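Subject: Structure handover and notes

Hello,

Here is the structure for you to look over. Please open it before you read the notes.

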Amino acid sequence: MSDTILAPALPAEERKPLTKKEIVADHPTWCPGCGDFSVLALYFKLIEKRKMLHEKITTIAGIGCSSRFPYFVQAHGAHYIHGRALPFASGISLSRPDLHVFVFGGDGDAFSIGGNHFNHTARKNIKMTYVVMDNWVYGLTKKQTSPTSPLGFKSKTDIWGAVDYPINPMKQAIAAGATFVARTTHTNPAHVLQMMEAAMDHDGFSFVECLSECVEFYEGAFDASNPRKGGVFNTVPADHDVTNEMSAYKLADEAFPGHFGIFYKVNKPTKNAKEANIIKVSGEKVKGLKDWEILQKTFDRLK
Ligand SMILES: Cc1ncc(C[n+]2csc(CCOP(=O)(O)OP(=O)(O)O)c2C)c(N)n1
Ligand code: SF4
Ligand SMILES: [Mg+2]
């Protein structure tokens, strides 16, 4: 091993902040015009802006076009099993309090196969940021109905139009117990960055629904929210109380395009903090004992 590898890392303040060039990996293989490009570019911006150190960047995803995300970030990350990104990210979050874990994924990954994990990670308030790039369709597998596809959407699985009522990600996140719930859209880069940064600063499970157009299989889905396409982009009213669950629910219940911004934000102890406390308290009880003695005590107690 070279001296450079063995040399201890310089203190953060003495290290040069990362440049985009250093964190950009492979050329993204998304279709030209896909909304996901914008989200990736803003993640790079966030890394640069917050001067994140290379070894602290943690990018996790499931499976889908959007979930290819970690491939395109030159840092630690994993492209995990479809719908299972959150349990994987939970393990990292709980065992590495020095990292802020980012999870990126699609509407199918988050609310269909991963729906259960979404609810439970939210209710446990495990510290991480989950950005769902919602395109209202399964993109990677070439146009099947997703849990957010609107009624009547014609796809390979609903050739006569979708008949199942779509879920509302914002309502679902609030009801599940997420402590930070925000909504943004890839067509407003400054807003995406603002939401990701606020989510990162939240001590708990932060969820951001980011509309991200699939130009290949659902072109124009979000035009009504894009002023450049004749739509309207309205931010959350200034007098909205983000700690009021019912007000947040009302915002979430609005017809598309609704509002964009932070709908809900409350402070509640995280599972991370609770577990750290259990470890501290139980550690004090067995202070001075050798590992095998602790194990023996545990087995004795189980008798
Ligand atoms: C266990 C399992 N079931 C099904 C699939 C096939 N599959 C891959 S991605 C995907 C859906 C992707 O949709 P979404 O999460 O919305 O991501 P997008 O491609 O739209 O970004 C499906 C059904 C899989 N890879 N693994
Ligand atoms: S299929 Fe859709 S979601 Fe996938 S890369 Fe192409 S435009 Fe993006
Ligand atoms: Mg999708």
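Below are the notes, grouped by region.

This is a predicted model, where local features need pLDDT of at least 70, side-chain atom pairs count only at pLDDT 80 or more, and totals for chains, interfaces and linings use all residues. Residues are numbered from 1 along each chain as its sequence is written, chains are lettered from A and ligands numbered from 1 in the order in which they are written, and side-chain values use heavy atoms, with hydrogens and water left out.

**Helix α3**

Start with α3, residues 36-49. Helices (H or I, at least four residues) and strands (E, at least two) are DSSP runs, numbered from the N terminus. α3 has 14 residues and reaches 20 Å from its first C-alpha to its last. That is close to the 20 Å expected at 1.5 Å a residue, where the expected span is 1.5 Å times one less than the number of residues.

Which residues of α3 are buried? They are D36, S38, V39, L40, L42, Y43, F44, L46 and I47. Buried means under 20% relative accessible area, exposed over 50%, and partly exposed in between (1.4 Å probe, protein chains only). An α-helix has 3.6 residues a turn, so residues three or four places apart point the same way. The cover over the buried residues of α3 includes the helices α2 (20-23) and α8 (189-200). It also includes the strands β1 (57-61), β3 (100-106), β4 (128-134) and β6 (205-211). K51 follows α3 and has a positive phi, near 50°.

**Salt bridges**

A salt bridge here is a side-chain nitrogen of Lys or Arg within 4 Å of a carboxyl oxygen of Asp or Glu. The count comes to 10.

- E197 pairs with R50, with the closest N and O atoms 3.2 Å apart. E197 lies in helix α8 and R50 in the loop between α3 and β1, so the pair ties together parts that are 147 residues apart in sequence. E197 is buried at 15% relative accessibility, whereas R50 is partly exposed at 30%. K49, R50, E197 and D201 are linked in a network of salt bridges.
- K171 pairs with D253, the closest N and O atoms being 2.7 Å apart. K171 lies in helix α7 (residues 169-176) and D253 in the loop between α9 (245-252) and β8 (259-265), so this pair ties together parts that are 82 residues apart in sequence. K171 is partly exposed, at 23% relative accessibility.
- R96 and D98 meet at 2.8 Å, N to O. R96 is partly exposed at 38%, and D98 is partly exposed at 37%.

**D107**

D107 sits in helix α5 (residues 107-111). D107 is buried yet has no salt bridge. How far away is the nearest side chain of opposite charge? It is R183, 13 Å away. For charge, Lys and Arg count as positive and Asp and Glu as negative; His and the chain ends are not counted.

The side chain of D107 makes a polar contact with the side chain of S146, at 2.5 Å. A polar contact is a pair of N or O atoms within 3.5 Å; within protein, one must be able to donate a hydrogen and the other to accept it, and residues adjacent in sequence count only if both atoms are side-chain atoms. The D107 side chain also reaches the backbone nitrogen of V137 at 3.1 Å. Leaving out residues up to four places away in sequence, D107 touches several residues, among them V132, M133, W136 and P147. Contact means heavy atoms within 4.5 Å.

**Ligand 1**

There are 16 residues around ligand 1, each with a heavy atom within 4 Å of it. C65, S66, G108, D109 and G139 come nearest. Oxygen atoms of ligand 1 lie 2.8 Å from a backbone N or O atom of C65, 2.7 Å from an N or O atom in the side chain of S66, and 2.9 Å from a polar backbone atom of L140.

**Backbone points to check**

Most residues other than glycine have a negative phi, and most peptide bonds are trans.

- N125 has a positive phi of about 50°. N125 is in the loop between α6 (115-124) and β4, and is buried at 2%.
- K142 has a positive phi of about 70°. K142 is in the loop between β4 and α7, and is partly exposed at 48%.
- F256 and P257 are joined by a cis peptide bond, with omega about 10°. P257 is in the loop between α9 and β8.

Best wishes
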